[in-house]
Amino acid sequence: MSARAPFRLAELARHAVLLLTASIVLLPFVWMVSLSLKPQGEVFQGTFSFLPERWHAIENYTRALTAVPVPRFLLNGVIVCGSILILQILVCAPAAYALAKLRFHGREALFALVLIGLLIPHQVLALPLYILGYQLGILNTYAALIFPFIVSPFGIFLFRQFFKTIPDDIVHAARLDGLSEFAIVWRVMVPMALPAVVAFSIFSVVSHWNDLFWPLIAVRAEELMPPPLGVVAFRNEEVGSDFGPLMAGATLIVAPLVVAFLAAQRWFIEGLTQGAVK
Amino acid sequence: MSATAQAPAPCANLPLSIRRVRQAETAVAHALVGPALFFLLTLFLLPTVAVFVIAATDWRFGARSLSFVGLANFAELFRDPLFLISLRNTAIYTLIVVPATTGLGLLVALLIEGGRSFRAFYRAVHFLPYMATLAAMAIAWEALLHPSVGLINQILRAAGLPTANWLRESATVLPVLAVIGVWKNLGFAMVMFLAGLKSIPCELLDAADIDGADSWLDRLRTVTLPLLGPVSMFVLIVTALRAFETFDTVKILTQGGPGKASETLLYTLYMESFEYLRTGYGAAVTVVFLLIVAALTLTQARMIDRRVHYT
C-alpha cells in the first residue's frame with residue numbers, strides 16, 4: 001500500500017514525542033537517584049552526568065538510614081496503612097453487604113449518608129477531628145493517625161456496587177447451608193468480590209502512605225512519623241542540607257510504592273483511577 | 001365447622017411470619033451496618049456540622065470562652081487581603097493545571113493508542129508520578145530547580161538562556177508549582193482518556209473512513225474528539241478538584257512565599273487552623289473550601305449520570 005512510508009514516519013514521530021514526554025516525566029526520579037549516588041562536592045561541580053565520578057552511594061544511604069530514622073518512618077507507614085486498611089474492610093464490607101442484599105429500616109438514609117461522606121474532602125474534617133482527638137487525648141499517637149479513616153464511604157460504595165452483581169441465589173443457597181449473615185459476608189461475598197477488595201486496598205494504602213496533611217496535624221514525635229512527614233523532618237535537620245543523604249532518604253521513601261507499582265501495574269492503575277472517580 | 005373456623009388462620013399467620021422474618025432481617029442488618037453508621041456519624045456528619053458551627057464563633061483553640069459572631073468571620077474573610085490573594089492564587093494555579101493536564105493527557109493517550117509498540121511501557125512511565133509520594137518528589141523537584149546546582153538552570157546556562165531562582169521569585173513560583181501539578185496529574189488524565197479511546201467502536205471510525213474522513217486528523221476531529229466529550233469533562237473536573245487540594249508542594253517548597261505569591265487555599269486553611277490556632281476563622285476558610293469542592297463534585301456526579309444515560 002502507498003500508506004506504508006508515511007505510516008513509518010508517523011510511528012517514528014509517535015516514539016519521538018512519547019520518548020520526550022516520558023523523559024521529562026522521569027527526570028525528577030532520575031535526578032533524585034543520581035544525586036543520591038554522588039558526594040556533596042560533585043553535586044556542586046554542576047556536571048550533567050547521571051553516574052558519579054566517585055561513588056558515594058554507600059555513605060549517602062548509610063547516613064539516610066542512621067542519622068535520621070528512615071527505617072522507622074517506613075515501619076510507621078506500614079503500621080498505619082495496614083491498620084487503616086484492616087479497619088476499613090472490617091467496617092465497610094458488612095455495611096456494604098446489608099446495603100446491597102438486605103431490606104431494612106433506614107437503608108436509604110444510610111446510603112444517603114455514604115453519598116454525603118463521598119462529597120466531603122478529608123481536609124474539611126481535619127479541624128473538628130483534631131479537636132476530637134485532643135478531647136480523647138490521643139493526639140501524637142498511632143491512634144491519631146488512624147482514627148479519622150476507620151470508615152471509608154468510598155469503600156462502602158465500591159463494595160456495595162460489587163456485591164449487587166453477585167446473584168441473590170448464592171446468598172439464598174448459603175443461608176440454606178446454615179451460614180449466618182456474618183459468615184456470608186466474610187466467606188461468600190468478600191472472596192467473590194476479590195477484585196474490588198484488591199482495587200480498594202491499593203487505593204487506600206497508596207493514599208494514606210502518601211498523605212502529608214493529616215499526619216502534619218496529628219503527630220509531632222519523630223518516632224511516630226509516617227514517610228511523607230518523615231521526609232519533611234529529614235530536610236529540616238542538619239543532614240538534610242546535604243543533597244546526597246537527603247535524596248537517598250527520598251529514594252527510600254518513594255521506592256516501596258514504585259516497586260509495587262511496577263510489579264502490579266494493571267491493579268494499581270485500576271485501583272487508583274477508581275478511587276478518583278468515586 | 002371447625003375447618004371453616006380454622007381456614008383463615010394460616011392466612012392470618014402468613015403476614016405475621018413474613019413480618020417476623022423482616023424483623024429478623026432488620027435486626028441482622030442493623031448489626032451489620034452499626035459500626036459503619038456510628039463512624040459515618042462521628043467522623044463525617046457531625047464534624048461537618050461542627051465546622052459550620054465553629055465558623056460562626058470567635059473561638060481560638062485552647063481559649064476557655066467563645067461567643068457567637070454570626071457571619072462576621074466570613075465578612076472578615078472577604079476583606080482579608082491574604083485570603084483574597086490565596087483565593088486568586090488557587091484560581092490561577094487551577095487555570096494553568098487543568099487545561100495543561102487535560103491537553104497533555106489527551107495527547108499522550110492518543111499517541112499511545114496510535115501505535116502498537118511499547119504501549120504498556122509508555123503508560124507505566126507517564127502514570128508513575130500520580131502514585132509516587134509527592135512529599136518526597138517535591139524534594140527531588142527542589143534539587144532540580146536549585147538556583148546554582150539544579151539541572152534546569154545548568155541546562156539554561158549551557159544554552160545561554162536566562163536562569164531564575166524558580167521557587168524564590170514571585171513571578172515564577174506559581175507557574176513552577178503548576179508545572180509540578182501537571183507532572184503529578186498527567187498520568188491520571190492519560191489513563192482516563194485511554195479508557196475512553198478503547199470504548200469507541202471501530203465501526204464508527206470505519207464508517208467515517210467510508211464517508212470520506214480520509215486522514216487520521218479528519219477522523220480525530222469528526223469521531224474521536226466528540227466521543228471523548230464526556231471523558232474530557234470528567235477529567236477537567238477531577239483535575240480541578242486535585243488542583244484545589246494542592247498542599248504538599250506549597251508546604252514543603254515555598255510556605256506560601258515569596259511574599260504571598262504561592263499562598264493557596266488549603267495552605268491558608270492549614271495555617272489559620274493549626275499554626276495560628278484561629279479556630280473560628282480557620283473554620284470559615286474550611287467552609288469556603290468545602291463549598292467550592294462540593295460544587296465541583298456535584299457537577300461531576302451529574303456528568304456521570306448523563307453519561308450513563310447515553311451509552
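Q: What share of the residues in chain B is buried?
A: In this predicted model, buried residues make up 39% of the 311 residues in chain B.

Q: OK, and what's the radius of gyration of chain B next to that of a compact globule of 311 residues?
A: Chain B comes out at 28 Å, while a compact globule of that length would be near 19 Å. Along its principal axes, the C-alpha trace of chain B spans about 110 × 75 × 30 Å.

Q: How many helices and strands are there in chain B?
A: Chain B has 14 helices and zero strands. Reading from the N terminus, the elements of chain B go α-α-α-α-α-α-α-α-α-α-α-α-α-α.

Q: And what part of the contacts in chain B is between residues 24 or more positions apart?
A: If you take the contacts in chain B with a separation of 6 or more, 70% are between residues 24 or more positions apart.

Q: Which domains does the assignment give for chain B?
A: Domain 1 covers 2-55 and domain 2 covers 72-310. Their centres, taken over C-alpha atoms, are separated by 44 Å.

Q: How many residues are in contact between those two domains of chain B?
A: Four residues of domain 1 of chain B are in contact with seven residues of domain 2 of chain B. On the domain 1 side, the residues are four nonpolar, no polar and no charged.

Q: Switching to chain A: what are the domains there?
A: The assignment gives domain 1 (4-65) and domain 2 (70-277) for chain A. The C-alpha centres of these two domains of chain A lie 33 Å apart.

Q: Last topic, then. How many residues does the contact take from chain A and from chain B?
A: The contact takes 73 residues from chain A and 71 residues from chain B.

Q: Where does the largest share of the chain A side come from?
A: From helix 1 (residues 4-36) of chain A, which supplies 13 residues.

Q: And how do the residues on that side divide by type?
A: The chain A side that touches chain B has 60 nonpolar, eight polar and five charged residues.

Note on methods:
Residues are numbered from 1 along each chain as its sequence is written. Chains are lettered from A and ligands numbered from 1 in the order in which they are written. This is a predicted model: local features need pLDDT of at least 70, side-chain atom pairs count only at pLDDT 80 or more; totals for chains, interfaces and linings use all residues. Helices (H or I, at least four residues) and strands (E, at least two) are DSSP runs, numbered from the N terminus. Ala, Val, Leu, Ile, Met, Phe, Trp, Tyr, Cys and Pro count as nonpolar, Asp, Glu, Lys and Arg as charged, and the others, Gly among them, as polar. Domain bounds come from an automatic or database domain assignment. The radius of gyration is taken over C-alpha atoms; the globule rule is 2.2 Å times the number of residues to the power 0.38. A residue is buried if 20 or more other C-beta atoms lie within 10 Å of its own, exposed if 12 or fewer, and partly exposed in between; C-beta atoms are placed from the backbone.
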